[in-house]
Amino acid sequence: MAKRVGMEIALAAAEAVALCKPDVVAAYPITPNTHIPEHLSDLVAEGKLDAEFICVESEHSALSACIGASAAGARAFTATSSQGLLYMGEVMPVVSGMRLPVVMAIGNRALSAPINIWNDHSDIMSQRDMGWISIFASNGQEVVDMMIQAFKIAEDREVMLPINVNLDGFQLTHVVEAMLFPSQKEVEKFLPDYKPFAQVHPDSVVSMGTLGLPEYYAESLKARDEAMKGSKKVIVRTWKEWEKIFGRLYEPVMKYRTEGAEALLVTMGSMGETAEAAIDEMRSKGMPVGLVKLVLWRPFPFEEIRAAVKGCRSLVVMDRAVSFGACGPVAAEVRSALYDQPDAPAIVSEIIGLGGRDVLVQDFVALAEKGLKAKKGKQTEEYEIYGVRGS
Amino acid sequence: MSIVANFDLYAPRLVNKEEYFVHGHRACQGCAEALAIRLMCKALGKDAVIINATGCMEVVSSLYPTTAWKLPWLHVAFPNSAAAGSGVSAALKVLRRKGKISDRPVKAVSIGGDGGTFDIGLQALSGAMERGHDLLYVCFDNEAYMNTGIQRSGATPFGASTTTHPAGPASTGKSAWKKNLTEIMIAHNVPYVATACPSYPIDFIRKVEKAKKVKGPAFIHVLAVCPTGWRCASEKAISMGRLASETGVFPIYEVVDGKYSLTIKHDKLRPVADYLKLQGRFRHLSPDMVKQVQERVVQEYNKLLDKVDNLHAWSELKG
Ligand SMILES: Cc1ncc(C[n+]2csc(CCOP(=O)(O)OP(=O)(O)O)c2C)c(N)n1
Ligand code: SF4
Ligand SMILES: [Mg+2]
């Protein structure tokens, strides 16, 4: 039996990546993801990981170097947060457009200004439409498992898309947790060597990154969209395989005590853990509430969301990012998933936990109570930024 | 026996007969940048991977579903051919070490225009050169952002009229001098740095061959005449490159481990006016401005000669 090992989750993420034997790692420091590449460079320095670690001069170059490495046939990894992710922005769609299975860990952090190093989801939301598969972890074990799964999913011939695994800054990156690690042998069996589909090398002369005129551009995007939609099947298959080997199940949407619930909270990321505690407390007092945790953000799991909330009267969707003047991004997606459903629940959209503001059990309770009172067709606000001074 | 009359006999001995940048690309007539790329590829031979920044050469050569490249070729974006090249270089190294690709040296060669090198790509270039990857960077400098319509860059010469710094009643074209990127690369202690021009094809080819052999970073700055952007006759592209050298506007030299040498020498520099007057981008220059350019060119040229005469190779500076 594997033994649990206690360590900081960022280091655990690096250990998990190292088990996948990446050929090239390129990264640039930014809090709170930095311990991930630092630890990988430790492993390289100790001779435990045979990889080229490129200490680039910017995040733009970090991702560009990963593109070059991946195009040349290497398994490539990077990590970043916040402004660093935005600095990569120009090349984010290039990775998916060139169908390169680069894996990235994002230690999610708020965006400037005001400058703030703490957690929310503004960074990844700004990169939502870049053609990357996006997965959210809610605890350390999930981070370890998802890092390894990510390479397998990304490199699947039916997928060939980059993946970002999101772990909330500090709330996850800097927390010490006891986690199970698969053995090197187990990972090698689960994750075969990367066999590139095309590779810039004189043995297989190819032009990559060509100019797409209007006659071809749309076909390229459609192909990417089909791959993205189709990736859900591969993701679910990979997660089932993982469960068979390691006994831990992942699903695009995870339910917690939803049976008989009238109101459901919807969370993404580490909030889900505290939310479970809050649900337990409320259930013990007889409140008919439950929790739905969104694990897969892109591709968006429409059917799974519909199935998970079936029968409930109201949903409280908790976002950690603002689309200014419009919505909480998760709530907007959930609404669009349910709009056409005959018995769609009332939806309360709450934006919470911005810039590292704690979300406490009592906040979940307050929002669940609001959910229980919500009536379809009687909503007066599109969304609320919760618990803000002066409101 | 004259070399010219017996070109077919001599040429293969001087130059690789194989073509790796082939017909069908859409560069303008007389484009010396396309010629320079063709020559560079010949010098590199088949064991190279090209990483191309966005710009004229990328656009004219890679119209899907066609390609003019018979070398493995990668385009990522405008500012990052040096960074993407770092990744290719690192991948070639580690994959060879792990036995995942064939066991022979393959050179990563990043290329970019002056915009992609002097300006938006300077940080990525500096980082790549500082890190010391086994990477050759070749800058094809046509002295403006040509792909987007002849806008000013850090490489545009003083006085040149561009679409973003045009000459007019209240403007005399670019008011700043050209950035000396070659010196910036030398300051990075890059072991092989050179300037070149396809108007001197054998000199350029030999330099690419030398740079390819360096196990580490190398940089070549190529002046690439762009008849479209310079507003000169397309059949003048080759002679224009020669004039740039003969006037001292673009000296052709190399710096090997810190040691400078002129590889194309002229006993006496021709007046810069001979060069400027053939180009529409300088048409508005007053005699006074031509004089300013002349003085600056001589001053820069003398600075270079001083380095040729007085600077030593690093190996001579030991102990
Ligand atoms: C980030 C970014 N900014 C601007 C552009 C638009 N752009 C494409 S090519 C180019 C100019 C290229 O100039 P240069 O590097 O000198 O190459 P040339 O076309 O002259 O050969 C510009 C401005 C871009 N593609 N990406
Ligand atoms: S604009 Fe200039 S550099 Fe571009 S293809 Fe035409 S001649 Fe060549
Ligand atoms: Mg240019």
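Helices (H or I, at least four residues) and strands (E, at least two) are DSSP runs that are numbered from the N terminus. The structure described here in these terms is a predicted model, in which local features need pLDDT of at least 70 and side-chain atom pairs count only at pLDDT 80 or more, while totals for chains, interfaces and linings use all residues. Residues are numbered from 1 along each chain as its sequence is written, chains are lettered from A and ligands numbered from 1 in the order in which they are written, and side-chain values use heavy atoms, with hydrogens and water left out.

**The sheets of chain A**

Strands of a sheet pair through backbone hydrogen bonds, either parallel or antiparallel. Two strands are taken to pair here if DSSP finds at least two bridges between them. One open sheet of chain A has seven strands in the order β3-β2-β4-β5-β7-β6-β13, with mixed pairing. At its edges stand β3 (52-55) and β13 (296-298) of chain A, each with a single partner strand, so one side of each has no neighbour in the sheet. On average, and with direction ignored, neighbouring strands of this sheet are turned by 20 degrees against each other; axes are lines fitted to C-alpha atoms, for helices over the stretch in contact, and angles run from 0 to 180 degrees between N-to-C directions. Within the sheet, β5 (residues 103-108) and β7 (residues 163-168) of chain A pair in the parallel sense over six bridges, and A:Ala105 has A:Val165 in β7(A) as its bridge partner. Helix α9 (residues 214-246) of chain A packs on this sheet, where it touches β6 (133-136) and β13 of chain A, and its direction makes about 40 degrees with that of β6(A); contact means heavy atoms within 4.5 Å.

Another open sheet of chain A has six strands in the order β10-β12-β11-β14-β15-β16, again with mixed pairing. Its edge strands are β10 and β16 (384-385) of chain A, each of which pairs on one side only. Four bridges join β11(A) in the parallel sense to β14 (residues 314-319) of chain A, and A:Leu264 stands opposite A:Leu315 in β14(A). Helix α12 (residues 329-338) of chain A packs on the sheet, touching β11, β12 (289-294), β14 and β15 (346-351) of chain A, with a direction at about 150 degrees to that of β14(A). Helix α13 (residues 361-373) of chain A also packs on the sheet, touching β11, β12, β14, β15 and β16 of chain A, and its direction makes about 135 degrees with that of β11(A).

**Strands of chain B**

In chain B, strand β7 (residues 192-196) runs antiparallel to strand β9 (residues 253-256) and is joined to it by three bridges, with B:Tyr192 opposite B:Val256 in β9(B). β9(B) also pairs in the antiparallel sense with strand β10 (residues 259-262) of chain B, over four bridges, and there B:Tyr253 stands opposite B:Leu262 in β10(B). The hairpin of β9(B) and β10(B) has two residues between the strands, and in it B:Asp257 takes a positive phi near 45 degrees.

**Backbone details in loops**

| Item | Value | Loop |
|---|---|---|
| A:Ala113 to A:Pro114, cis | omega near -5 degrees | A:Pro114: between β5 and α6 (122-126) of chain A |
| B:Tyr64 to B:Pro65, cis | omega near 5 degrees | B:Pro65: between α3 (56-61) and β2 (73-75) of chain B |

A:Arg257 counts as partly exposed because its relative accessibility is 33%, and B:Arg231 counts as partly exposed at 37%; buried means under 20% relative accessible area, exposed over 50%, and partly exposed in between (1.4 Å probe, protein chains only).

**Ligands at chain B**

The magnesium ion (ligand 3) is coordinated by B:Asp114 (OD), B:Asn142 (OD1) and B:Ala144 (O), at 2.0 to 2.1 Å. Donors are N, O and S atoms within 2.8 Å of the metal (3.2 Å for Na, K and Ca), and water is not among the atoms, so sites may look incomplete. In sequence, the donor residues of this ion are spaced D-x27-N-x1-A. The pair of B:Asp114, in helix α5 (residues 114-119) of chain B, and B:Ala144, in the loop between β4 (135-141) and β5 (167-168) of chain B, links distant parts of the chain that are 30 residues apart. Both B:Asp114 and B:Ala144 are buried.

Ligand 2 is surrounded by residues that include B:Cys28, B:Cys31, B:Cys56, B:Asn142 and B:Cys226, where a residue is near a molecule or strand if one of its heavy atoms lies within 4 Å of it.
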